[in-house]
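The report that follows goes through strands, backbone geometry and chain contacts in turn. Please read it beside the sequence and the coordinates.

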Amino acid sequence: MPELPAQPTPPTRIDNDHGGTDMWINMGPQHPATHGVFRMELALDSELIVDAISHIGYLHRGSERLFENEIYSQIITLFDRLDYVSNFNNELVLVMAVEKLMSLEVPDRAEYIRVILCELNRIASHLVFIGTFALDMGALTPSLYTFRDREKILALFEATSGARMMHNYFRVGGVKQDVVDDFPQRVNSLLGELERGIDEVDQLLSHGEVFVERTRGIAVIDGETALDWGLTGACLRASGVAYDVRVDEPYSVYDRLDFAVPIGTAGDTWDRYYLRVLEARQSIIIVRQAIQQMEPGPIQTKVRAIARPPKGEVYAHAENPRGDFAVYLVSEGGESPYRLKVRPPSFCNLMPLRDLLIGHYVADAVVILGSLDIVLGEVDR
Amino acid sequence: MLNSVKALRVSLSTMMRRKVTAEYPKEHLPLQDRFMGFPALTWDEARDEPFCTGCMVCIRYCPTQCMSAQMTDNTKFADGDSHRKKIVETFEINLGRCILCGICVDVCNFDAIEMSFEHERSERLRDANRVDLPTLLDMGKAYQEESGWKQSKPNAPSPKEKEVIAAAKAAEEAPELKPEAHPASGSPDPPEDAPEDAPEGTDADNRAKKEGETP
C-alpha cells in the first residue's frame with residue numbers, strides 16, 4: 001500500500017512576541033455568522049488574528065458532475081440550488097449559455113420578464129446581505145426590516161413562478177408561462193415599498209457611529225489586489241474598479257436600460273456594505289424602466305421539448321448579486337452537456353480571506369467574512 | 001434632548017404599524033394562485049377514473065427519480081365506458097424526495113398530474129411521505145375543488161359514445177339516404193350537412209363533450 005502523504009499541521013509559533021503561544025480556535029462549520037457551513041481555523045495572539053486556514057466543502061453536492069447526466073431542463077432546477085439567495089440570476093446564466101450555443105432569439109417580453117425578476121432578486125439578495133451583516137455585528141433590528149421587505153419580493157415571485165425560492169421558471173428560449181395580469185401594478189407598488197424600506201434601513205444603520213467604527217478601515221483591499229485575486233461584484237467595485245458585466249458586456253436588454261454603477265473608494269468593509277445599498281436602489285430604477293418598456297407579446301421561441309444544442313463550446317456570464325457568475329458549456333450535441341463548468345463569484349471572493357483576516361481582531365472576523373457576502377451553496381457546489 | 005424627542009417620534013410612528021408576521025401553526029399566510037405544492041393526480045369526474053394512464057413520461061423526466069407507476073388495461077374501456085385503453089394501476093411518489101420543480105406537470109400529455117396546494121407534510125416516520133395512488137388522487141381532488149381546475153382539452157369519445165354518435169348520424173341520414181349503407185356501428189366519417197341540421201343525436205354528442213370539459 002502506498003504511503004499516504006502526511007496531513008499538513010497548522011503552523012504554530014511557540015514563542016510569539018509576548019513570549020506566549022498562539023491559540024488555534026475553530027470557527028464553524030455550525031457558526032451562525034458563517035452563513036452556511038464554512039469553517040475557519042484561526043490562530044490568535046491574544047485577540048489578534050495571526051493566521052487563518054479556511055475549510056470549504058461541507059455543502060458539496062457534486063453539482064457539476066450531476067449536470068453531465070441530466071438534460072438541460074433538469075439542470076435548471078439544479079442551478080436554482082447553487083446560489084440559493086439569487087435563484088433567478090443563476091437560471092438566467094444557464095439559459096443564456098444554451099441559447100447562445102443554439103443561436104436562439106428570445107422574444108423581447110421574455111427578456112424583460114427575466115430582467116425584472118433578476119433585478120428584484122438582486123434587491124432581495126442585497127436585503128439579506130444588509131440584514132445579516134448587521135446581525136453579525138449584533139444589530140438585530142435591521143434584519144427584521146430587511147426580511148420583512150424581502151418577504152414581499154418573494155410573495156411576488158410565488159405569484160409569478162409558483163415557488164418562493166426554487167423557481168424553475170426560465171426556459172431555454174423564454175420563460176415557463178406569462179406573468180400574472182396585474183404584474184406591472186404589483187411590481188410598481190412593491191418598488192415603492194422597497195424604496196421606503198431601504199431608506200429606513202439605510203437611515204437606521206449606515207451612518208450609525210458604532211456601525212461605522214466597526215467597519216471603516218477594516219479589511220482594506222486596493223483595486224490592484226482585488227483584480228489579482230479575481231474579485232468581482234460589489235467586492236471589486238468597492239475598491240474603485242468599475243467593472244460590471246451589465247455595462248461592460250451588456251446581455252439580455254441591459255443596453256436599453258439607463259442606470260449607474262456605484263463605485264467605492266476606500267475598499268473597506270463599510271464601502272462593500274454601502275455599495276450594496278446603492279446597488280439595490282439602482283435595481284429599483286432598472287425595474288421601473290423595464291416595466292415601462294415591457295410590451296405584450298410572445299414569451300417563448302419554438303424549441304424542441306428536449307433542447308439539443310449543437311456540438312461546440314460557449315462561455316456565458318452575467319452580473320449576479322455576488323459578482324460575475326459564469327458558465328462554460330461544452331456540448332457534444334447530445335441531450336446533456338459534456339461538461340458544464342461554473343465560475344462561482346462567491347468562491348473567488350472568498351479567496352483573499354486569509355490576507356484580510358491577518359492583523360485584525362477576532363471580533364472583526366465575522367464582519368470581514370460577512371462583507372464578502374458568500375453563499376456556501378455556490379462555493380461548494 | 002433633541003435626540004430623545006426624535007427617538008420618541010420614531011417609536012410613536014412605528015408603534016402603530018400593522019404587524020407583518022404570522023404565528024405559523026396558528027395562522028397561515030395566503031397562498032398565491034400559482035403556488036406549487038406537492039404533485040397530485042387529478043380525477044376525471046366525467047369518466048369516474050383518474051386522468052393518468054401510467055405512461056411513465058413524468059417518471060422519465062423527474063430529476064430526482066422520486067416516482068414510480070404501473071400501467072394496466074382499463075376494464076372500463078372494455079365495457080365501452082371510457083376512451084382510455086390503459087389506466088394507472090399503482091402510482092407512488094416519495095414526497096420527501098420531490099423537489100417541487102414542476103417538470104412532471106410540464107411534460108404530462110393528459111393533464112393527469114398537477115402541483116397541488118398541499119405543502120404541510122411533516123411526519124414522524126421516514127417512509128410516511130411515500131404516498132400511494134388513493135392519497136395522490138385525494139390530494140388531486142382537493143386541489144381541483146379548491147382551484148376550480150379545468151382540463152385543457154375535452155375527452156375523446158368512449159366506444160359507447162362513439163356508437164351513439166354513429167347511430168345519431170345514421171338516423172340523421174336515414175330519411176334522405178340509403179339507411180343500409182350506414183349501420184349503427186358505422187364509419188366515423190361525418191357527413192358534410194351534419195352541423196346545419198343539428199338533430200337530437202348531435203345534441204347528445206355535444207352534451208357528452210360538455211360533460212367532459214367541465215368535470
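## Two loop residues with positive phi

In this predicted model, A:Ser252 belongs to the loop of chain A that lies between α10 (245–248) and α11 (269–293). The phi angle of A:Ser252 is near 50°, a positive value in a residue that is not glycine. A:Ser252 is partly exposed, because 19 other C-beta atoms lie within 10 Å, and a residue counts as buried from 20 or more.

A:Ala219, likewise not a glycine, has a positive phi of about 50°, and its place is the loop of chain A between α7 (209–215) and α8 (223–229). Is A:Ala219 buried or exposed? With 24 C-beta neighbours inside 10 Å, A:Ala219 counts as buried. As background to both cases, most residues other than glycine have a negative phi.

## The three-stranded sheet of chain A

Chain A holds an open sheet of three strands, arranged in the order β1-β2-β3 with antiparallel pairing. The edges are taken by β1 (23–27) and β3 (48–55) of chain A, each of which has a single partner strand, so that one side of each is left without a neighbour in the sheet. From one strand to the next, the twist averages 25°.

Within this sheet, β1(A) is joined by five bridges to strand β2 (residues 39–45) of chain A, and the two run antiparallel.

Which residue stands opposite A:Glu319 in β7(A)? The residue opposite A:Glu319 is A:Asp324.

## Chain B: sheet and crossing helix

The secondary structure of chain B amounts to eight helices and seven strands, and of the 215 residues in this chain 26% are buried. Where contacts in chain B join residues at least 6 apart in sequence, 70% of them are between residues at least 24 apart.

An open sheet of three strands is present in chain B, with the order β4-β5-β7 and antiparallel pairing. Its edge strands are β4 (67–73) and β7 (130–131) of chain B, and since each has a single partner strand, one side of each is left without a neighbour in the sheet. Seven bridges pair β4(B) with strand β5 (residues 86–94) of chain B in the antiparallel sense, and here B:Gln70 stands opposite B:Thr90 of β5(B). Helix α5 (residues 133–147) of chain B lies across β5 and β7 of chain B, and its direction is at about 90° to β5(B).

## Where the chains meet

How many residues of chain A are in contact with chain B? There are 11 residues of chain A in contact with 12 residues of chain B. On the side of chain A that touches chain B, the elements that contribute two or more residues are α2 (72–80) and α5 (141–161) of chain A. By residue type, this side of chain A divides into three nonpolar, five polar and three charged residues.

Notes:
Residues numbered from 1 in each chain as written. Chains lettered and ligands numbered in written order. Predicted model: local features only at pLDDT ≥ 70, side-chain atom pairs only at ≥ 80, totals over all residues. Helix = DSSP H or I, 4+ residues; strand = E, 2+ residues; numbered from the N terminus. Buried ≥ 20, exposed ≤ 12 C-beta atoms within 10 Å, placed from the backbone. Contact = placed C-beta atoms within 7 Å. Nonpolar A, V, L, I, M, F, W, Y, C, P; charged D, E, K, R; others polar. Pairing = 2+ DSSP bridges. Axes fitted to C-alpha atoms, helices over the stretch in contact; angles between N-to-C directions.
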